[in-house]
Amino acid sequence: MSLDLKKIPAESFERVHIDSSHAERISKPSLSFWQDAWLRIRKNKAAIASIFILAFIIIMAFVGPMVSPHDAETQTITHANLPPKVPGLEKLGIFDGVGTLAGKEVDLYEMKKVDTYYWFGTDGLGRDMFSRAWEGTQISLLIAFVAALIDMVIGVAYGGISGYYGGRVDDMMQRVVEILYGIPTLVIVILMLLFMEPGVTAIIIAITLTGWIGMSRIVRGQVLKFKNQEFVLASRTLGASNGRIISKHILPNILGVIIINTMFTIPTAIFFEAFLSFIGLGLQAPDASLGTLINDGYKVIRFQPHILLYPSIILSLLMIAFNLLGDGLRDALDPKMKD
Amino acid sequence: MTKYIIRRIVYMFITLFLIATATFFLMKALPGSPISSASKLPPSQLAVVEAKYGLDQPIPVQYAKYMLNLAKGDLGNSFQFKNASVTELIMNRLGVSVLIGSQGLILGVALGILLGMIAALRQNTIWDYGSTLIAIIGISIPSFVFATLLQYWLAVEWSIFPVGLWKDGWMSSILPSIALAMGPLATASRFIRTEMIEVLSSDYITLAKSKGANGFEIAFKHAFRNALIPLITVLGPLAAGLLTGSLVIEQIFAIPGIGEQFVKAIMSNDFSIIMGTTLFFSVFLIVIIFVVDVLYGIIDPRIRLSGGSK
């Protein structure tokens with residue numbers, strides 16, 4: 001086993017130098033913040049599933065009313081209160097248009113001589129629930145997205161100014177927030193809705209009236225944390241303007257927090273809209289959102305459970321998906337969790 | 001500490017004053033009045049009725065009167081319930097709302113703590129995922145959808161519980177309480193899970209382990225007690241959530257509570273009940289948030305309340 005070292009020519013050996021210029025070389029490709037976040041969120045199965053569910057619901061909200069052969073507004077009284085019937089599935093004994101009438105199971109489509117299909121059934125006025133449910137989803141999503149966007153803009157601007165300029169400005173602005181923060185959201189929303197014409201705009205205004213406060217507090221805290229850090233001070237020393245510091249140094253750093261918070265604002269807004277519509281303060285007929293559809297369905301739950309069922313499922317799925325995605329984003333974007 | 005409390009109390013009063021003022025002027029700006037919607041009176045009689053309620057006076061005078069009465073604790077009289085005083089009406093209905101609210105809160109928080117502890121102690125197992133799933137569902141499914149489902153299956157289909165109304169005493173309170181418990185359950189379980197995991201990785205738990213304390217002792221004596229403290233902070237938002245929930249849930253189960261009365265008053269333009277209940281809700285929430293903040297400072301000496309904002 002002993003090897004004669006002398007037989008190996010000296011040229012085969014090479015001296016290894018420790019090159020100090022390579023000491024800081026990074027062997028892995030550097031990832032941007034977003035690439036890193038994407039890598040992490042990709043591992044989160046719940047978040048990925050949520051993205052697909054949300055994409056499906058959002059697409060259906062626009063495509064749904066178009067692919068349905070029936071209009072959401074058309075009232076066909078002879079087709080009232082039909083249970084769901086779907087071609088293909090009817091042979092399996094589900095969605096076959098059979099409903100109970102006076103305690104007996106009958107094919108209501110046959111009885112009422114309806115030869116078309118209503119995938120989600122119809123309501124008391126013979127309107128197609130499939131189109132109505134997806135149009136309601138459209139309105140609910142619209143309200144939620146616009147409300148979340150306005151909350152974000154006002155909250156970031158208010159919190160940012162308050163935190164960045166500090167001193168007197170901050171003091172004044174925080175007094176105002178402290179007072180507003182004490183006002184229960186629910187109460188102010190209901191009062192505003194009484195005052196304004198009911199409708200989409202009124203609901204958005206009512207939700208955003210106090211909704212931005214949470215965001216402004218978080219943004220202020222973040223700005224306070226970053227504005228005195230070395231890289232900001234360095235930039236300032238080099239003569240950067242306030243606008244440049246805010247847009248190039250502070251905003252990118254707090255963007256994650258802003259996105260996470262907005263993601264949680266959306267389901268809250270969806271819930272609030274549905275809640276207001278449910279107690280009768282939200283949208284008024286003929287406008288329909290998921291909340292008003294659920295309210296309508298609730299009134300006839302004993303006889304026509306399908307009217308309540310589909311809007312409730314869509315609403316619940318939306319809420320679950322937004323919450324799970326928010327959770328996933330928080331894990332992916334929160335630098336504190338980074339290991 | 002004293003300085004902090006005084007400061008907070010001053011702010012509470014400013015907030016309440018603003019709410020009362022805003023409510024008053026919003027009510028005055030509303031189209032229609034409780035009298036006009038009730039019956040078509042000839043102008044002469046309308047004037048008499050308006051004079052009786054002081055509605056003929058200029059608005060600043062009405063406002064001053066309203067605020068003076070408010071300072072004395074008088075919320076005025078209802079327009080629809082034969083002039084019953086609003087305070088009395090609220091008090092009559094308070095008991096029911098408090099009963100289902102507190103039952104829901106206790107049930108939800110207790111179950112939530114249990115679920116959260118199981119999830120933290122069995123982290124990343126099927127137990128953990130199960131409890132997270134329940135929590136997500138609890139947060140996501142709106143209370144009115146959940147309440148409707150409970151009512152449909154447990155009361156209408158299987159007739160285990162009364163469908164609604166407040167006729168069967170305590171039995172009637174079970175379903176509404178369960179419906180209200182979902183929110184607190186979800187919040188508490190997620191909160192306790194996060195806290196427990198954090199506490200379980202701290203040095204004193206390692207110390208307790210190295211001293212030979214068994215798992216049960218560590219979980220309950222050391223970790224749980226410390227994880228419980230921050231739970232107080234979410235009590236404020238939870239109370240607000242209960243209030244929101246009670247508005248719809250009392251409606252669904254036809255429970256004669258304040259929430260139901262409030263919704264009815266809105267529909268019938270009964271100014272004084274709307275204003276009274278609004279103020280009542282506000283006082284309730286503001287006081288709870290205040291008490292929670294102060295309690296937190298007392299219980300957890302690591303938190304020092306200072307004059308500055310949080």
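Reader: What do the axes of helix α4 (residues 129–165) of chain A and helix α7 (residues 200–227) of chain A do, and at what angle do they cross?

Author: They come within 5 Å and cross at roughly 35°. Axes are lines fitted to C-alpha atoms, for helices over the stretch in contact, with angles from 0 to 180 degrees between N-to-C directions. Helices are DSSP runs (H or I, at least four residues), numbered from the N terminus. Mind you, this is a predicted model, where local features need pLDDT of at least 70 and side-chain atom pairs 80 or more, while totals for chains, interfaces and linings use all residues. Residues are numbered from 1 along each chain as written, and chains are lettered from A in the order written.

Reader: What makes the crossing of α4(A) and α7(A) right-handed or left-handed?

Author: It's right-handed: the near helix is turned clockwise from the far one by less than a right angle.

Reader: How many residues does each chain bring to the contact between chains A and B?

Author: Chain B gives 35 and chain A gives 29. On chain B's side, α1(B) has the largest share, 9 residues.

Conventions: Helix = DSSP H or I, 4+ residues; strand = E, 2+ residues; numbered from the N terminus. Contact = placed C-beta atoms within 7 Å.
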